[in-house]
Amino acid sequence: MTDESYIQLAIEIAKKGKGNVSPNPLVGCIIIKNERIIGAGYHEKYGSNHAEVNAINSARESIEGSTLYTNLEPCSHHGLTPPCVDKIIENKIKRVVIGTMDMNPLVRGKGIRKLKSAGIDVKVGVLEKECIALNKFFFKYITKKIPYVTLKAAQTLDGKIADIKGGSKWITSLPSRRFVHELRSKYDAVLVGLGTVLKDNPSLTVRLIEGRNPKRVVLDTKLRLSSGHKLFSNNSDKKLIIITSKKNIDRVNKIKKIRSKGADIIFTGEHKGKINLKSALKELGKRKISSVLVEGGNEIFNSFIKENLFDDVFVFISPKIVGCGIPIVGNLGIKNINKSLKTKFGSIERIGDDILAELVK
């Protein structure tokens, strides 16, 4: 097998950590000796051993003189666990092949330099594009200190997310809804506006598949949410976060009632009478939330798009036509087609009766 083949295998193994390692990166590791895999491991859970250590510990024979493959540069600093490079050097591994450098300022290049200084042959940049894509959440978070933001919407063929009365159940097919629950399990948080809660009374949990529940974030400028909503009754995991205006900081009784339901409250500034999204994202970043799936509604979508605070978009397109209804995006203030917001198609696939289009900037 080639270096590319082993790095691809490391990527696939790394994916096993999805939903469990954030805000750390997804990392897989393979150890090869005499053209045989003698060790393999991945970063399984935040705070636990890194992939390289798990791979080394899994080996049932000496790994001296072997080649280690990993999709991400091994760490060289003390965090919740000791440096991986020390373990690699200690075990006299001969060669290390790395998919991409770590963008974490604490790590970037330092692990590679330490390995080379120890006389280890190091190769960097194998399937680099794929390795960067695997950890797009982590790289955005570690360099910008705010979460990676994905907008998600389901629309009819003629671009409506609800009928004229606001009804939206169900625009898409059951397979698409299952896919959305799978998406939720991979993101640290799901975010909606107050309007979506008042209209749909969603749970925003993972139910149609097995997977972890994300944190549920609601933008509620005037703190109008009541404890009767499903978000509160289904908050036994205490993952509900309400982001509201600093103007509500003196509403002691309301705040006390919300917190008694296990919800966290973030107070932030306003921008044009609404939650300041940049400030909100910074606050979520402080809480080690590295990825956010924005599920609506129309006004929230508009705000994220207008302020250019999104990284990609998932649009589920149903083969239904409703005519009058609520559009997926409202007025962006664009009056000339030549000044329209430009995105690119990332991937397009069929799910059930629907089409899923991924748009990237």
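This is a predicted model: local features need pLDDT of at least 70, side-chain atom pairs count only at pLDDT 80 or more; totals for chains, interfaces and linings use all residues.
Local features are given where pLDDT is at least 70, side-chain atom pairs count only at pLDDT 80 or more, and totals for chains, interfaces and linings use all residues. Residues are numbered from 1 along each chain as its sequence is written, and side-chain values use heavy atoms, with hydrogens and water left out.

**View A. The cis peptide bond between S22 and P23.** Omega of this bond is about 5°. P23 is part of the loop that runs between helix 1 (3–14) and strand 1 (28–33). Helices (H or I, at least four residues) and strands (E, at least two) are DSSP runs, numbered from the N terminus.

**View B. The cis peptide bond between K169 and W170.** Here omega is about -10°. W170 lies in the loop between strand 7 (160–163) and helix 7 (174–186). Most peptide bonds are trans.

**View C. The positive phi of N34.** Although N34 is not a glycine, its phi is about 55°. The residue is found in the loop between strand 1 and strand 2 (36–42). N34 counts as exposed because its relative accessibility is 62%; buried means under 20% relative accessible area, exposed over 50%, and partly exposed in between (1.4 Å probe, protein chains only).

**View D. The positive phi of K272.** K272, a residue other than glycine, has a phi near 55°. The loop between strand 12 (270–271) and strand 13 (274–275) holds K272. With 76% relative accessibility, K272 is classed as exposed. Most residues other than glycine have a negative phi.
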